[in-house]
Amino acid sequence: MKNLLKTTLAAAAIVVSVSACSGVAPGGAAGGDSDKTLTFANVPGYDDTVAINALWSVLLEEKGYNVETTNVDLAAGFSGIARGDLDGYLNAWLPSTHATYVDKYKDDLVVLEDSFFENNRLVLAVPESVSENSISEVAQNAEKYESKIIGIEAGSGLMKLLPDVMAKYSAQNKLKIVEGSTPAALAALENGVNSNKPVVVALWEPHWAFASMPIKSLEDDLQGWPKPDSSYPVLSKEFAEKHADVVGWLSKSQLTEEQFASLMLSISEAKDPTEGVQKWLETPENRTAADEWLK
């Protein structure tokens with residue numbers, strides 16, 4: 001098995017050009033030819049967002065655009081889009097996970113009407129080898145899991161919702177939520193698989209890890225998580241007005257769960273995200289779908 005931490009970090013590499021920072025400098029989207037340079041927010045560790053940024057970097061460059069990405073946390077990303085310093089975030093989970101950010105800046109954002117993916121689930125994941133299959137069962141056997149849940153990035157929508165999920169299961173005092181990062185959570189999960197050790201981590205589906213490791217998501221038997229979200233591009237108003245062609249292409253895009261999962265997996269196995277996208281586009285069905293979006 002590959003070292004999954006290594007491949008996760010590789011997948012978080014910047015697609016074309018990145019300003020690595022926790023905030024966005026004013027005017028950050030205006031470098032080079034402003035009409036042909038597009039700058040999208042990227043959140044390292046968010047493998048689905050990394051994949052979507054990489055996909056559109058390749059496709060838009062085929063149309064003559066220069067695509068750049070800027071590393072931000074979600075709060076800085078959405079505020080940067082609202083100011084016009086960034087052109088967009090291409091993978092907002094709505095109506096639940098990223099609602100607080102979208103609602104805060106809704107007067108300065110354009111959320112495309114149609115989603116490109118419709119079944120994003122927030123989950124808790126464990127090795128397949130453990131006997132527990134539901135969140136209730138893990139909560140009842142918390143000591144077996146060292147009384148903790150390994151979390152992802154502190155500013156993520158998932159981590160904002162997780163305390164309410166634990167409250168639904170009356171597990172606030174049984175399972176401590178440990179904030180961290182997606183690569184760290186995946187490394188802990190990989191270690192649990194390899195050492196046959198019970199561990200529970202916060203994750204989401206679809207995600208390439210489910211195809212790469214013998215892991216499973218826990219049944220949400222008390223419906224603590226929100227219903228599945230859909231993925232929407234969120235753009236600055238200025239960008240949406242200026243680039244009707246790009247808006248049109250984004251609006252027509254659709255990914256099946258199999259396509260989305262295989263895209264993330266291809267990127268996780270490649271040296272860099274662009275190479276992973278190009279490999280994914282070699283599958284005729286994927287290339288045909290992308291060509292339809294770009295008509």
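I looked up Arg-287 and found 22% relative accessibility, so Arg-287 counts as partly exposed (buried is under 20% relative accessible area, exposed over 50%, partly exposed in between, with a 1.4 Å probe and protein chains only). The model is predicted: local features need pLDDT of at least 70, side-chain atom pairs count only at pLDDT 80 or more, and totals for chains, interfaces and linings use all residues. Residues are numbered from 1 along each chain as its sequence is written, and side-chain values use heavy atoms, with hydrogens and water left out.

I then checked for a salt bridge (a side-chain nitrogen of Lys or Arg within 4 Å of a carboxyl oxygen of Asp or Glu). Glu-62 forms one with Arg-287, with the closest N and O atoms 3.0 Å apart. This pair links distant parts of the chain, as Glu-62 sits in helix α2 and Arg-287 in helix α13 (residues 284-293), 225 residues apart. Helices (H or I, at least four residues) and strands (E, at least two) are DSSP runs, numbered from the N terminus. I noted Glu-62 as partly exposed because its relative accessibility is 44%.

**Other salt bridges**

I found 10 salt bridges in the structure. In one of them, Glu-257 pairs with Arg-121, again with closest N and O atoms 3.0 Å apart. That pair also links distant parts of the chain: Glu-257 is in helix α11 (residues 257-268) and Arg-121 in strand β5 (residues 117-127), 136 residues apart.

Salt bridges with shared partners join Glu-62, Arg-287 and Asp-291 into one network.

**Chain totals**

I counted 13 helices and 10 strands in the protein chain. Of its 295 residues, 54% are buried. Contacts (heavy atoms within 4.5 Å) with a separation of 6 or more are 82% between residues 24 or more positions apart.

**Largest cavity**

I looked for cavities on a 1 Å grid over the protein atoms alone, each a set of points where a 1.4 Å probe fits but cannot get out; lining residues have an atom within 4 Å of a point. Grid points are joined across faces, edges and corners, and a volume is the space filled by probe spheres set on the points. There are two cavities of 30 Å³ or more, and the largest has a volume of about 130 Å³. I recorded 14 lining residues for the largest cavity, with Tyr-46, Trp-93, Thr-97, His-98 and Trp-204 nearest its centre. The largest share of that lining, three residues, comes from β3.

Terms used. On a 1 Å grid over the protein atoms alone, a cavity is a set of points where a 1.4 Å probe fits but cannot get out, and a pocket is an open set with protein on both sides within 12 Å along at least five of seven lines; lining residues have an atom within 4 Å of a point.
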